[in-house]
Amino acid sequence: MIAGRLVRNDPAQYDLLVDEWWRPAGGFAALHWLAASRAEHIPPAASPDAVLVDLACGGGLMAPHVARLGYRHVGVDLGLPGLLLAREHGVLPVQGSVLGVPLADGCADVVVAGEILEHVEDDVAVLAECARLLRPGGTLVIDALADTWLSRFVMVTVLEHVSGGAPPGLHDPALFVDRQRLLAAADRLGLDLRLVGLWPSMREAVAWRLGRRETVRMRPLRSTAVVFAGYGRKR
Ligand SMILES: C[S@@+](CC[C@H](N)C(=O)[O-])C[C@H]1O[C@@H](n2cnc3c(N)ncnc32)[C@H](O)[C@@H]1O
């Protein structure tokens, strides 16, 4: 889509958008809000060598939160420009696919998979990688876009055409996530997982849009029909 060359969801788009990662009012602003929201569900590290694996870490937006919690922050992504940026923010970068992560079984105290399940052909395979990487008792935090007409309408039809919304072409609505299938897979994989909906505080989003706030808090919602988070634990 971008420059008429790339198709929807082509990961190469992130390489072209590398300057957006750390701009608080840039194209990835909502990913900053989600990173802060994820961090609220991660316990402080139990030891100095505790590891958090951040699948599809992009430019490393979880970095300040993970550092504050005391983890060694390992970030996995396909894109080198994003990984190099993440490294500048303290992330230990690993280039690889979330569908076959080049890290050992049980190496992680925490696995985060933020806004990646809706970018791959096989979201359950990513969840299986989360389960493989986690030690028993380890914490899982995910967020993604639901496979519903409302989600496709809001995230693609509307927000791709609103300044401050998602950059056009990043999402392929055909890949949005079937929540029931995900929950069934989690159970098979030995993950206790519960889903909640998330939506930005509208009051804060308006203030952000007017330049009066740097960030916006994500609020929990009963409906998981658009943006949803999953909080879990490996049995
Ligand atoms: C929407 S961004 C999310 C980034 C980050 N998790 C965040 O929330 O700030 C999606 C990221 O997934 C990466 N990505 C896409 N497909 C991937 C794959 N198969 N393996 C690893 N990374 C992938 C892209 O390079 C991009 O950095």
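Modeller: Buried means under 20% relative accessible area, and exposed means over 50%. The model discussed here is predicted.

Colleague: Why is Glu204 called buried?

Modeller: Its relative accessible area is 1%. The limit for buried is under 20%, so Glu204 counts as buried.

Colleague: What makes Glu204 and Arg219 a salt bridge?

Modeller: The closest N and O atoms of Arg219 and Glu204 are 3.8 Å apart. The rule asks for a side-chain nitrogen within 4 Å of a carboxyl oxygen, so the pair qualifies. Arg219 lies in strand S7 and Glu204 in helix H8 (residues 202-209), 15 residues apart in sequence. Salt bridges with shared partners also join Glu204, Arg213, Arg217 and Arg219 into one network.

Colleague: Why is Arg219 called partly exposed?

Modeller: Arg219 has a relative accessible area of 37%. Partly exposed covers the range between the two limits, so Arg219 is placed there.

Colleague: How do you know whether Asp109 is buried or exposed?

Modeller: The relative accessible area of Asp109 is 18%. Buried means under 20%, so Asp109 is buried. Its side chain meets that of Arg135 in a salt bridge, at 2.7 Å from N to O. Asp109 is in strand S4 and Arg135 in strand S5 (residues 134-145), 26 residues apart.

Colleague: Why is Asp105 called exposed?

Modeller: Asp105 has a relative accessible area of 59%. The limit for exposed is over 50%, so Asp105 counts as exposed. Asp105 forms a salt bridge with Arg132, with closest N and O atoms 2.7 Å apart.

Notes: Residues are numbered from 1 along each chain as its sequence is written. This is a predicted model: local features need pLDDT of at least 70, side-chain atom pairs count only at pLDDT 80 or more; totals for chains, interfaces and linings use all residues. Side-chain values use heavy atoms; hydrogens and water are left out. Buried means under 20% relative accessible area, exposed over 50%, partly exposed in between (1.4 Å probe, protein chains only). Helices (H or I, at least four residues) and strands (E, at least two) are DSSP runs, numbered from the N terminus.
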